[in-house]
Each structure stands twice: as structure tokens, then as C-alpha cells.
Amino acid sequence: TVYTRLVVQHVERARGLALAIAASGPAITGAIGAPILNAYVEAEGWRAAYQALAVFGTIAGLATFLLIPPERKDAPAAAAPVRRRAREDYPVIVRTKAFWILLGAMLLCNLPATIMLVQLKLLLLDNGVSGEGTAVVPWALPLGMLAGRFVAGPSLDRYRPDIVSFVTLGLPSVGLFLIASSIDAPTVLTFAVFCIGFSFGAEGDILGFLVARHFGVGIYSSVMGLMTFATSFSTASGAALLSVTMARTGGYETYLVIVGVAVLMGSALLLMLGPGRKG
């Protein structure tokens, strides 16, 4: 909500690509920093590692704050937006058709997120993948996320965002249906996991881009806050659904089919947005 606001406020012509780069920051930092931090913990202990992280966070946070560009002053003073209370944003938001479309899409498309977060290894074992394979196939998930970010971002800048959103956010349904099928070849499962990762990587670009396009910068953060809540609620609901279906069926297949259909419906909802306005 915070750093994507900076992107949409200051970047217009390559906004999708800029969102992709910003969303990749945590992953890149984790990939580089995790081995370094692990070695530091082994050498100096966990307490020293936390102290080092505190120093790093302070320096990086201050540097980021100083690098934030000032508000653009190219608009005439008469055109400057009137500041209002945050609670005044919500009546405007809920009267907008695009809000309900995005809300429904996020609620449906994030139901399978619990698979990505905590259940992937168990799901692969249930599909007959060996212990060694469960260490190899999950690599398709971060690779898919990285690919999703850098395919969706530039595509949003060049093509109709509603069509790009439908294709990229609907892709996990292919992966979910493949995993639910009787096809358990490692290559097929790897491709299925890649599809799921691709969509989750693309979602950050797509959500920020669509909110900026349909709501503008003025109430961007208010809308993004609601969308973040919706994705978190959907993830929790997906976990509850998984618990219920596992208890009743003893397997993942029913859950995978249900969330696969939900993802397809959620991504199709985004087609109702149309091209939207630029802003």
C-alpha cells in the first residue's frame, strides 16, 4: 500500500514495469540477504543478527525516506485536490462499480493462496512426488512469481489491462486442475506449480495498476487498503475451506477443483472493468 502508492504517483508511462520492479524488491533482498544473515547468525549468534537487522532497517529506511521525490507541483494551485478526511473516501469508493468488481476478483482469486504458503510440499507428496522431488518442484513457484511480475508489468503498459489481468490471474486454474487430475508426472506438476506462482507474482502489479487506473491517485491508498484486507480474508477463507474438504474427503482433489473454478470466475470478473481510464 505504501510503496506502490509512490510508484503510481510518480510513474505514468511505464507504471506496470515500475510496479514489477518495486514488488521484486523483497524477493531480491531475501535471496541476497538470507545466506549472508544465516552465516552471520552462525558466526555471531542470533542476538547480534537482530542487532544487525535493526541497524540495516534504520539506515535503509532513512535512505528511502530521503530518496522519496517531493510532490509534483506542475499543476496550478486551483486544480490542487482539497484535502478531506479518510472516512470521506469510503462512500465514494463503495459507489464505484470497479470497486465491487475488484473486491470480488480478489476474494475469489486468492482462495488457493494457502496452498502456496503452507501446503505445497504436502500437496506434492499426496500426488506421489518423492521426497527429493518435493525439494526440486517448489523452485518453480518463486521462478513463476518472478516471471509473472516481469511479464504482467510491461504487458499492462502495452495491452488492455482487463485482458492481461484475466489471462494472468486465471492461469492458476490450469495448474490447480492439473494437480487435481490423475496426471502425476513431475514435469506436469512442475508446470502446474509454475502457473500458480506466475499468477501470484503478477497479482501485485495488476492490483496496483488497476486501482490507479480506475480510482486515480487521490484515493489510491484507501482502495488498496481495502483490497489488501480482501486478499487476507480470502486466504484465511481458503484455509478454512481446505480444512473442511480435507476432513470430509481425505484428499485435496475437491478443494483444488473448487478453488480452480473460483479463480476462473474471479479472473473473468475483471473483464467487466473494460479498458478503464488512464490516470
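**Questions about a helical protein**

Visitor: With a relative accessibility of 53%, does Trp 46 count as buried or exposed?
Guide: In this predicted model, the relative accessibility of Trp 46 is 53%. A residue must be over 50% to belong to the category in question, so Trp 46 counts as exposed.

Visitor: Where in the protein do Trp 46 and Tyr 50 both lie?
Guide: Tyr 50 is exposed, with a relative accessible area of 56%. Trp 46 and Tyr 50 are four residues apart, about one turn of the helix, and the element that holds both of them, residues 46–67, is helix α3.

Visitor: What kind of aromatic pair do Phe 99 and Trp 100 form?
Guide: The ring centres of Phe 99 and Trp 100 are 5.0 Å apart, with 75° between the planes. Planes over 60 degrees apart fall into one named class, so this pair is edge-to-face.

Visitor: Which of these words describes Phe 99, buried or exposed?
Guide: Trp 100, its partner in the pair, counts as partly exposed at 47% relative accessibility. Phe 99 has a relative accessible area of 5%, and because this is under the cut-off of 20%, Phe 99 is buried.

Visitor: How many aromatic pairs does a search of the whole structure find, and how far apart are the ring centres of Trp 46 and Tyr 50?
Guide: Searching the whole structure gives four aromatic pairs. One of them joins Trp 46 and Tyr 50, edge-to-face with 85° between the planes, and the centre-to-centre distance is 6.0 Å.

Visitor: How many disulfides does a search of the whole structure find?
Guide: A disulfide is a covalent bond between the sulfur atoms of two cysteines. Cys 109 is buried with a relative accessible area of 5%, and Cys 195 is buried as well, at 1%. When the whole structure is searched, the number of disulfides found is zero.

Visitor: Which residue has its backbone oxygen 3.3 Å from a polar atom of the side chain of Ser 199?
Guide: Ser 199 lies in helix α10, residues 186–215, and is buried, with a relative accessible area of 5%. Leaving aside neighbours within four places in sequence, Ser 199 is in contact with Leu 169 and Pro 172, among others. The backbone oxygen at 3.3 Å from its side chain belongs to Thr 168.

Visitor: What share of the residues in the protein is buried?
Guide: The protein exposes about 15100 Å², with carbon and sulfur atoms supplying 68% of that area. Among its 279 residues, the buried ones make up 40%.

Definitions and conventions: Residues numbered from 1 in each chain as written. Predicted model: local features only at pLDDT ≥ 70, side-chain atom pairs only at ≥ 80, totals over all residues. Heavy atoms only, no water. Helix = DSSP H or I, 4+ residues; strand = E, 2+ residues; numbered from the N terminus. Buried < 20%, exposed > 50% of the residue type's maximum accessible area, 1.4 Å probe, protein only. Polar contact = N/O pair within 3.5 Å; in protein donor to acceptor, adjacent residues only side chain to side chain. Contact = heavy atoms within 4.5 Å. Disulfide = S-S within 2.5 Å. Phe/Tyr/Trp six-rings, centres within 6.5 Å; stacked < 30°, edge-to-face > 60°. Areas by Shrake-Rupley, 256 points an atom, 1.4 Å probe, with all protein chains shown as cover.
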